[in-house]
Amino acid sequence: MLIRLLRTHLNSSRTAVITLALLQSAQTFALLCLPALNAALIDDGVLKGDTRRVLTLGGVMAAVTLAQVVCAGASPEIPAEPRRDVRSISASDAVFTRVQDISSTC
């Protein structure tokens, strides 16, 4: 429903929107992986005294953090055109009407 409206209005900047969504997804995934890696580092490395495991998981954590920083830094570099298009859609009558139709059927 609303996806169809987004497709019509954002068709010209599809690549930028997909790139932005992928970068944000990768950043979120990396952010959510870090606590599990930290717990594994403590449980499997520090508590057991396994220095090799500590260094391995520490390296993985550093790589995941670097990937997160790169994704966070690259996101603002995506052209601002899709963001302007989304703002114009959110103010358009088509979206407002469609949302009202959806809420009236619930």
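Guide: Start with the surface. The chain exposes about 7,500 Å². Carbon and sulfur atoms supply 66% of that area. Keep in mind that this is a predicted model.

Visitor: What pattern does the chain follow along the sequence?

Guide: The pattern reads α-α-α-α-α. The chain has 5 helices and 0 strands.

Visitor: How many of the residues count as buried?

Guide: Of the 106 residues, 23% count as buried. Buried means under 20% relative accessible area.

Visitor: What makes up the largest nonpolar core?

Guide: There are 8 residues in this core: Ala30, Leu34, Leu37, Ala40, Leu41, Leu57, Met61 and Val64. Two elements, H2 and H3, each give two or more residues to this core. H2 gives the most, with 5 residues. In soluble globular proteins, nonpolar side chains tend to be buried together.

Visitor: Which residues does alanine 40 touch, leaving out those up to four places away in sequence?

Guide: Alanine 40 touches Gly45 and Leu57. Contact here means heavy atoms within 4.5 Å. Across the chain, take the contacts between residues at least 6 apart in sequence: 72% of them join residues at least 24 apart.

Visitor: Why is leucine 47 called exposed?

Guide: Its relative accessibility is 66%. Exposed means over 50%. The value for leucine 47 is past that cut-off, so leucine 47 counts as exposed. Leucine 47 is found in the loop between helix H2 (14-46) and helix H3 (51-74). Together with Ile42 and Val46, Leu47 forms a nonpolar patch on the surface. The patch has about 290 Å² of accessible area.

Visitor: Is valine 60 buried, exposed or partly exposed, and why?

Guide: Valine 60 is found in helix H3. Its relative accessibility is 35%.

Visitor: What makes a salt bridge of aspartate 44 and arginine 53?

Guide: Their side chains meet at 3.6 Å, N to O. The cut-off is 4 Å. The distance is within it, so the pair counts as a salt bridge. The structure holds 1 salt bridge. Aspartate 44 is partly exposed, because its relative accessible area is 28%. Arginine 53 is also partly exposed, at 35%.

Visitor: Why is cysteine 71 called buried?

Guide: The relative accessible area of cysteine 71 is 11%. Buried means under 20%, so cysteine 71 is buried. Cysteine 33 has 23%, so cysteine 33 counts as partly exposed.

Visitor: How many disulfides are counted?

Guide: The count comes to 0 disulfides. A pair of cysteine sulfur atoms would have to lie within 2.5 Å.

Visitor: How do you know that threonine 65 is partly exposed?

Guide: Threonine 65 has a relative accessible area of 33%. That sits between 20% and 50%, so threonine 65 is partly exposed. Threonine 65 lies in helix H3. Threonine 65 and cysteine 33 are 32 residues apart along the chain, and their C-alpha atoms are separated by 9.5 Å.

How values were computed
Residues numbered from 1 in each chain as written. Predicted model: local features only at pLDDT ≥ 70, side-chain atom pairs only at ≥ 80, totals over all residues. Heavy atoms only, no water. Patch = residues over 30% accessible without salt bridge, like charges linked within 9 Å, V, L, I, M, F, W, Y side chains within 5 Å. Areas by Shrake-Rupley, 256 points an atom, 1.4 Å probe, with all protein chains shown as cover. Helix = DSSP H or I, 4+ residues; strand = E, 2+ residues; numbered from the N terminus. Buried < 20%, exposed > 50% of the residue type's maximum accessible area, 1.4 Å probe, protein only. Core = buried A, V, L, I, M, F, W, Y, C linked by side-chain atoms within 4.5 Å.
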